[in-house]
Amino acid sequence: MSICELDKQYVSNTYNRFPVTIVSGKGSVVYDEAGKEYIDLGSGIGVTAFGVADELWQKAVTEQIGKVQHMSNLYYTEPCAKLAKTLCERTGMKKVFFCNSGAESNECLIKAARKYGFEKRGADCYEVVTLVNSFHGRTITTLAATGQDVFHEQFKPLTAGFRHIAANDIAAIGTIDPKKTCAVLFECVQGEGGVNALDREFVLTLDAFCKKNDVLLCVDEVQTGNGRSGALYAYMNFGIEPDLVSTAKGLAGGLPIGATLFGAKTENIFAYSDHGSTFGGNPVSCAAALSVIDRIDDKLLAEVREKSEYVFKTLTGAKGVESVSGMGLMIGIKTEKPAKELVAKLIEDGILCLTAKDKLRLLPALNIPFETLKKAVDRIKAACAE
Ligand SMILES: Cc1ncc(COP(=O)(O)O)c(C=O)c1O
């Protein structure tokens, strides 16, 4: 049986895979079983921040594997403590809880927000307001937080206590009732929702409302975080200071990790046994993440913004392209042709892209070489124009 046949028979039917089996790669280039080369513009959905088999990343991971691959949270380990310190120093946040995925980082964030509401305003203050078209994960609670009905069908009843307001609707902010709402949670750029950045005025109004009414301002940086937006975290582009931040995906450059960051208001909200995770703070994932975060410096972020500008300039107004959206190297391209058709055509041309709603979505490695990016964008441009 081929890998494809084995997978179809034995792996649960949740993924609609393309007929490509990736076996190896280097940086932003990956190879299939037949040795065909592809430029990878998806980076495992924004995970392999420095591409595939990056040497510095490998060194950080293998050195840690040679020391200790896992230790329970009954003991201290160096990578976990150092990563928490680095994240706090780079963001101004105060404490970190580590877990294994984006959904889990949001579960932790929601639990923390509910406990804050309970302590501040009592048992009725548990509502979390999120945005229509958001995506926060696939657990029953993070599905409830997700403002897209399409994900809800057949899984009800979802966790109670979530309400969705329209993104960029400033008037809707006034409907938030601080007596029952403990937190507002949003993505600065809605990724799965179609790569749409929030309006600056909306974010700043929400920030002011939350500060004034002691509602926690919470940002989901699972997809936008760790350099993807051209800042270390996308909220930094808006000049706001959130109370809680969730992140995952690119943080450890390709190993499972999630992190919830707590600000000054929330740093002591959790006490012993309020939350936990067997694998959370895993030393190998944390060593990988330390190496990733240390490399996301001003120079790299400037390069991310420069590459982003290049893609926006090259594709905006190109034949067959209706619009280009997003921020940094998180880019959505609305095309005249159906995005899914284009992705299939681009696979033939040796380019791996993603989709988000009805758009092509690009999430290349942050260090994709300019020449590689140019080659890929030229092929996308040609495919849109055909
Ligand atoms: C903004 C956002 N939040 C949460 C998640 C869920 O992350 P995970 O798949 O790691 O659970 C995703 C995944 O795409 C995401 O884009």
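Reply: Start with Lys249. It counts as buried, because it has 28 C-beta neighbours inside 10 Å. Buried requires 20 or more other C-beta atoms within 10 Å of the residue's own; exposed is 12 or fewer, and partly exposed lies in between, with C-beta atoms placed from the backbone. This is a predicted model: local features need pLDDT of at least 70, side-chain atom pairs count only at pLDDT 80 or more, and totals for chains, interfaces and linings use all residues. Residues are numbered from 1 along each chain as its sequence is written.

Lys249 sits in the loop between β11 (244-247) and β12 (258-262). Helices (H or I, at least four residues) and strands (E, at least two) are DSSP runs, numbered from the N terminus. The backbone of Lys249 stands out too. Its phi is positive, about 35 degrees, although Lys249 is not a glycine. Most residues other than glycine have a negative phi.

Now follow the chain past β12. Ser273 lies in the loop between β12 and α9 (283-295). Ser273 is another residue other than glycine with a positive phi, near 75 degrees.

Ser285 lies in helix α9. Ser285 counts as buried because it has 28 C-beta neighbours inside 10 Å. What does Ser285 touch? Leaving out residues up to four places away in sequence, it touches Ala252, Leu255, Pro256 and Ile257. Two residues are in contact if their C-beta atoms, placed from the backbone, lie within 7 Å. Ser285 can also be placed against Leu251. The two are 34 residues apart in sequence and 8.9 Å apart in space, C-alpha to C-alpha.

α9 also has a helix partner. Two packed helices are described by the angle between their axes and the distance between the axes. Axes are lines fitted to C-alpha atoms, for helices over the stretch in contact, and angles run from 0 to 180 degrees between N-to-C directions. Helix α4 (residues 78-91) packs with α9 at about 35 degrees, and their axes are 8 Å apart. The α4 and α9 crossing is left-handed. That term means the near helix is turned anticlockwise from the far one by less than a right angle; clockwise is right-handed. On the α4 side are Pro79, Cys80, Lys82, Leu83, Thr86, Leu87 and Arg90; they meet Pro283, Cys286, Ala287, Ala289, Leu290 and Ile293 in α9. The residues of this contact divide into 10 nonpolar, 1 polar and 2 charged. Nonpolar covers Ala, Val, Leu, Ile, Met, Phe, Trp, Tyr, Cys and Pro; charged covers Asp, Glu, Lys and Arg; the others, Gly among them, are polar.

Two further helix pairs share α12. Helix α10 (residues 298-315) packs with helix α12 (residues 370-385) at about 20 degrees, with axes 11 Å apart. So α10 is roughly parallel to α12. Angles under 35 degrees count as roughly parallel, over 145 as roughly antiparallel, 65 to 115 as roughly perpendicular, and the rest as oblique. α10 passes α12 in a right-handed crossing. Lys307, Val311, Thr314 and Leu315 in α10 meet Phe370, Leu373, Val377 and Lys381 in α12. That contact holds 5 nonpolar, 1 polar and 2 charged residues.

Helix α11 (residues 339-348) takes another direction. It packs with α12 at about 130 degrees, and the axes are 10 Å apart. α11 is therefore oblique to α12. Their crossing is right-handed. Here Leu342, Lys345 and Leu346 in α11 meet Arg379, Ile380, Ala383 and Cys384 in α12. This contact has 5 nonpolar, no polar and 2 charged residues.

Pro157 is found between α6 (140-145) and β6 (162-165). The peptide bond from Lys156 to Pro157 is cis, with omega near 5 degrees. Most peptide bonds are trans.
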